Amino acid sequence: MKKSGRNYLFLSKLIYTVMILAVYAIGRSIPLYGVDPSMYDNSLDASMLLEQTIGGDIYKCSVFTLGISPYMLSSILVQIVSASRSSSAKARTSARKTNQLTVTITFLLAMIMAVQRLDEIRYIENGMFPGARVISVLEMIAGAFIIVWLSGRNKRYGIGGQTVLIFINILDGITATLRRVELYEAMIPVIISVTVALVMLFMENSEKRIPLQRISIHNVYADKNYQAIKLNPVGIMPVMFASAAFMLPRLIIDMLKTNIPDNYYIDWLHDNLILTRPLGIAVYIGSIFLLNMLFSFIILSPKDITEQFLKSGDSLVGIHPGKDTRRYLRKHVFEICLFSSFVMGGCVFVSLVMQMKGYMHGTLAMLPTSAMMLMGLWSSLYKEAEAVIHTDSYKTFI
């Protein structure tokens with residue numbers, strides 16, 4: 001193979017991803033029917049920046065305003081249902097049925113979120129356009145499914161899947177944040193963000209190695225086998241999905257407030273379930289802990305690893321096969337998950353509490369979180385790009 005053609009696959013995937021991002025950028029700049037973008041001010045807060053991570057645009061006035069949040073929420077719900085089922089029940093469920101269920105829930109959530117979002121939309125001439133509200137809801141639902149389609153196409157033909165869109169959202173949020181503050185105000189948040197990013201880089205590239213004995217290897221490499229568990233088992237996924245999970249109770253509270261006005265408890269929850277109040281911070285940090293545990297045990301699954309060992313005849317060194325191995329793996333996965341949850345949750349907690357106490361500008365509170373997610377996503381994108389490039393290098397032998 002000629003040297004000039006070695007990275008053809010990588011370049012073609014990169015070009016396809018750039019095209020997807022171009023379509024995404026165009027959709028984010030198309031306002032909803034009857035909306036005047038100039039009526040939106042330039043103020044930002046931590047909640048807006050958090051929602052923008054998985055949302056379409058910061059000010060929620062474009063056809064992509066729902067972003068990928070309905071799909072991420074439906075994915076969380078489907079994975080929770082799947083995790084509660086037995087192995088035999090999972091085996092009987094096809095990927096097609098799972099996808100159909102996810103799409104159905106995505107549609108329902110998109111419709112509910114679009115209707116709730118109408119209260120925040122500012123129309124020209126007080127919204128006197130005939131059917132403007134109905135058209136806006138249809139546009140937002142269509143925009144959410146276009147984003148899901150773009151993510152699917154990018155996952156198949158490009159690089160990064162849906163994470164590329166989230167990566168762009170985070171970059172947009174960081175630049176929007178830094179443009180609105182003075183340099184001296186951003187110094188401490190930037191230092192915290194750089195520290196958080198370096199910690200995330202270390203965790204993404206570090207792993208715990210449990211010695212493994214394979215019956216099929218009897219050479220010099222027999223002592224070099226191990227079961228690896230990354231210090232951050234599922235990467236930055238819990239923090240990203242926590243953004244969607246945090247929006248779910250907010251969505252429910254908003255619906256209750258609309259249908260049951262002047263209720264003290266509902267009003268209190270509506271005012272306190274935000275990232276500038278202790279309740280909102282606790283719910284968000286708790287979501288990170290819960291989702292990190294959930295995703296880690298779903299993806300790593302000590303039970304499935306144990307069953308694979310029993311089928312192959314392999315075993316952990318010094319550990320009896322079967323229940324002992326399962327308990328040993330479950331213990332180590334739990335400890336690693338707890339460690340990574342404290343690291344990620346702690347990084348988020350420090351900046352949010354500093355903002356709540358007045359030591360940090362409100363628009364800068366999500367900067368360390370954004371830096372952490374940005375580094376995690378960049379690590380994943382880099383590894384995927386590296387794998388594609390290496391695939392090109394081995395085409396000669398395939």
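Contact here means heavy atoms within 4.5 Å. I noted that first, and then that the model I have open is a predicted one.

**Entry 1: the whole protein**

Among contacts in the protein with a separation of 6 or more, 77% come from residues 24 or more positions apart. I then looked up the elements and found 14 helices and three strands. The protein has 398 residues, and 45% of them count as buried.

I went through the pairings one at a time. Strand 1 covers residues 207–213 and strand 2 covers residues 226–230; five bridges join them, and they run antiparallel. One residue I picked out here was P211, whose bridge partner in strand 2 is Y226. Strand 3 consists of residues 315–316, and two bridges join strand 1 to strand 3, again antiparallel. On that side I picked out L212, which has L316 as its bridge partner in strand 3. I also wrote down a general point: side chains in a regular strand alternate between the two faces of the sheet.

**Entry 2: helix 1**

I turned to helix 1, which spans residues 8–28 and has 21 residues. From its first C-alpha to its last, helix 1 reaches 30 Å, close to the 30 Å expected at 1.5 Å a residue.

Which residues of helix 1 are buried? I listed F10, K13, T17, I20, Y24, G27 and R28. Seen down the axis, the buried residues of helix 1 fall within an arc of 105 degrees, so they line one face of the helix. On the other side of helix 1 I found Y8, I15, M19 and I26, which are exposed.

**Entry 3: cysteines**

C337 is buried, with a relative accessible area of 0%. C347 has 16% relative accessibility; buried means under 20%, so C347 counts as buried too.

**Entry 4: S370**

I found S370 in helix 14, which runs over residues 367–393. Is S370 buried or exposed? Its relative accessibility is 11%, so S370 counts as buried. I left aside the neighbours of S370 within four places in sequence and looked for what remained in contact: I170 and I174.

**Entry 5: H361**

My last entry concerns H361, in the loop between helix 13 (323–356) and helix 14. H361 has a relative accessibility of 36%. Partly exposed lies between under 20% for buried and over 50% for exposed, so H361 counts as partly exposed.

Which residues does H361 touch, not counting residues up to four places away in sequence? I wrote down V181, E185 and Q355. I also looked up the distance from H361 to A186. They are 175 residues apart in sequence, yet their C-alpha atoms are 8.3 Å apart in space.

Note on methods. Residues numbered from 1 in each chain as written. Predicted model: local features only at pLDDT ≥ 70, side-chain atom pairs only at ≥ 80, totals over all residues. Heavy atoms only, no water. Pairing = 2+ DSSP bridges. Helix = DSSP H or I, 4+ residues; strand = E, 2+ residues; numbered from the N terminus. Buried < 20%, exposed > 50% of the residue type's maximum accessible area, 1.4 Å probe, protein only. Expected span 1.5 Å × (residues − 1). Arc of directions from axis to C-beta.
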